[in-house]
Amino acid sequence: MTATLGVAAIPAQAAPAAAARTATVCPTGWGSIAKTYSAGTMESVRNARTGQHACYDRLVIDVPGATAAQLGYTVQYVTRLYQDGSGRYIPVAGGAILEVRVSAPAYDPETGTPTYPARAGQPLPGVNITGYRTFRDTRYAGSFEGDTQLGLGVRARLPFRVLPLDGRLVIDVAHSWTATR
């Protein structure tokens, strides 16, 4: 007994045209040199969080009550991260390390009570950077004499910008040096 396999003839149709891919135009010109703004606030750091965007990864440090003009900072690439005050070396994974200093304490200046639940040398609490294109590690270095210090491990030395806004300091690190992704 033989089985017959029938094949239906279906006319070939053109496949739908592939949607034209448009390149995302990314900002350029941020550079990788240190960025500093001299100011200070006694408002306290309360949180740190991250986000992913088409052209960059973002770190946000929340300082509720501080105006943009009060948020002093220094953000720069360093070869190693050392904790203010003690000089303790804090390892940060990645091809490059951005040291982020915010001129705001991570404690209540009147009582000394911590306002940000981080521990020196440990990853930033509540921050998960798994799957990020640029970020590789986050570390809390400490808060000393009114300044809070963080380490941000990135894939390579890439351009970054710093945006002081009311209630928060934003650090964007580009995915690449090119204008498109």
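Analyst: Let us begin with a histidine: the side chain of H175 reaches the backbone oxygen of A54 at 3.3 Å. The model is predicted, so local features need pLDDT of at least 70 and side-chain atom pairs pLDDT 80 or more, while totals for chains, interfaces and linings use all residues. Residues are numbered from 1 along each chain as its sequence is written, and side-chain values use heavy atoms, without hydrogens and water.

User: Which side chain forms a polar contact with that of H175?

Analyst: A polar contact is a pair of N or O atoms within 3.5 Å; within protein, one must be able to donate a hydrogen and the other to accept it, and residues adjacent in sequence count only if both atoms are side-chain atoms. Here the side chains of H175 and D57 are joined at 3.0 Å.

User: Is H175 buried or exposed?

Analyst: Buried means under 20% relative accessible area, exposed over 50%, and partly exposed in between (1.4 Å probe, protein chains only). H175 is buried, because its relative accessible area is 5%. P91, by contrast, is partly exposed at 47%.

User: Which residues does P91 contact, leaving aside neighbours within four places in sequence?

Analyst: Contact means heavy atoms within 4.5 Å. P91 is in contact with D137 and R139. The C-alpha atoms of P91 and D137 are 9.7 Å apart, although 46 residues separate them in sequence.
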